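Biologist: Could you take me through some local features of this protein? I would like to go through them one at a time.

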Amino acid sequence: GRTVYVTYLVYAGRHSRFISVPSNPTFSHSGNNVTLIWRYHLSQADRANFHRLLFGQWSDGDISIPLMSLSKNGSLVSRSKRIEWIGNKTTAAFRLYRVTAQDGGEYGCMLEFSGAFTVRHTVQLAIVAPPQIKEKGSNIAKVEASVGTSVVLPCHVTGNPQPWILWQRDGQTLQNGTILSDLIIPGVLANMTGLYTCIAGNQAGIDKYQVLLLVTSCGHSGDITHLAQDSLHQDHNHGMDTPASFTPTIVVCVILFSIFGAYFFFRSAGERTKKLRKYDRMPQDEQARSLMGEWSNFADNGEKI
């Protein structure tokens, strides 16, 4: 935290001062309105020498960005449409509308008198924003990876104060910290298939994000490709000795295969569309269980590549 100080430059015979100030620091949630109130006392001797009241962002011992000023004759000057004066002759009160994280910082209120006499006070405004995970959506995220490859499960988080972030799988913490938000797995194994949860939190709240990691054994697909190529090559050499009389039979087979293939393709697509509509209406926990069940059946049937 930053050091907050009150400075009263009081000359002989002058006793003007702030009699109440905002809580320091002042906390507010992002999107809310904030009211900062200073109550002050002007001594009889200082009233004639009062020049103006200033409010603004504070830096290096002075107001660096003036946001509002009130002169002795009651003239009010505002430099922001999001700040409203709600004070009176003994109260300096300012309302900041719809604050964001960018509004956080140090603010100052200052009473100026002729003869370089000032009464000033500063306050730290801390904007609290709950964590928000950017990747989070209505459906559970899926990441597919081959055995032995590196995987990065992203979890980009915003929030103020800086949220803490941890990754869990089956209730076991895998990574905990505030600097690394992504979970990096150097070389995935088949038994790493499962549901991974990113949890981010600060004093304003907690957000969660789930990723389903599906690990396949696609690292052997190169061998399968070579076998397929060798088979095609042998069939080609064998086909050179095939009599031309078999050509019509082959053409008919190809046509029939295309017709039946198209039929089953569109039928499967229709069933899959119905299934996806039902899936989208599921809560994320049910989505995860459904996907894990399908993946388990997929592997048990020997269809896992």
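Modeller: What follows is a discussion of a few side chains, backbone angles and aromatic rings. Please keep in mind that this is a predicted model.

Biologist: Let us begin with R169. Where does R169 lie?

Modeller: R169 lies in strand β15, which covers residues 164-169.

Biologist: Is R169 buried or exposed?

Modeller: R169 has a relative accessibility of 19%, so the residue counts as buried. The cut-off for buried is under 20%.

Biologist: Which backbone oxygen atoms lie within 3.5 Å of a polar atom of the R169 side chain?

Modeller: One of them is the backbone oxygen of T193, at 2.8 Å from a polar atom of that side chain. Another is the backbone oxygen of N191, where the distance is 3.1 Å.

Biologist: Which residues is R169 in contact with, leaving aside its neighbours within four places in sequence?

Modeller: With those neighbours set aside, R169 is in contact with L174, N191, M192, T193, G194, L195 and Y196.

Biologist: Now to the backbone. What is the peptide bond from N24 to P25, cis or trans?

Modeller: That bond is cis, and its omega is near 0°. P25 is placed in the loop between β2 (17-20) and β3 (26-29).

Biologist: And what about the bond from N160 to P161, cis or trans?

Modeller: The bond from N160 to P161 is cis, with omega near 0°. P161 has its place in the loop between β14 (157-160) and β15, and β15 is the strand in which R169 lies.

Biologist: Why do you point these bonds out?

Modeller: They are worth a remark because most peptide bonds are trans, just as most residues other than glycine have a negative phi.

Biologist: What is the phi of D170, and where is its place?

Modeller: D170, also a residue other than glycine, has a positive phi near 55°. Its place is in the loop between β15 and β16 (172-177).

Biologist: Is D170 buried or exposed?

Modeller: D170 counts as exposed because its relative accessibility is 70%, and the cut-off for exposed is over 50%.

Biologist: Let us change topic to the aromatic rings. How many aromatic pairs does the structure hold?

Modeller: The structure holds 7 aromatic pairs. One of them is formed by F50 and F113, with ring centres 5.7 Å apart and planes at 75°, so this pair is edge-to-face.

Biologist: Which strands do F50 and F113 lie in?

Modeller: F50 lies in strand β5 and F113 in strand β10 (residues 105-113), so the pair ties together parts that are 63 residues apart in sequence. F50 is buried, with a relative accessible area of 13%, and F113 counts as buried at 5% relative accessibility.

Biologist: How are the rings of W85 and F94 arranged?

Modeller: Their centres are 5.4 Å apart and their planes are at 70°, so W85 and F94 are an edge-to-face pair. W85 counts as buried at 18% relative accessibility, and F94 is buried with a relative accessible area of 0%.

Biologist: Which residues form one aromatic cluster?

Modeller: That cluster is formed by W38, F55, W85, F94 and Y107.

Methods. Residues numbered from 1 in each chain as written. Predicted model: local features only at pLDDT ≥ 70, side-chain atom pairs only at ≥ 80, totals over all residues. Heavy atoms only, no water. Helix = DSSP H or I, 4+ residues; strand = E, 2+ residues; numbered from the N terminus. Buried < 20%, exposed > 50% of the residue type's maximum accessible area, 1.4 Å probe, protein only. Polar contact = N/O pair within 3.5 Å; in protein donor to acceptor, adjacent residues only side chain to side chain. Contact = heavy atoms within 4.5 Å. Phe/Tyr/Trp six-rings, centres within 6.5 Å; stacked < 30°, edge-to-face > 60°.
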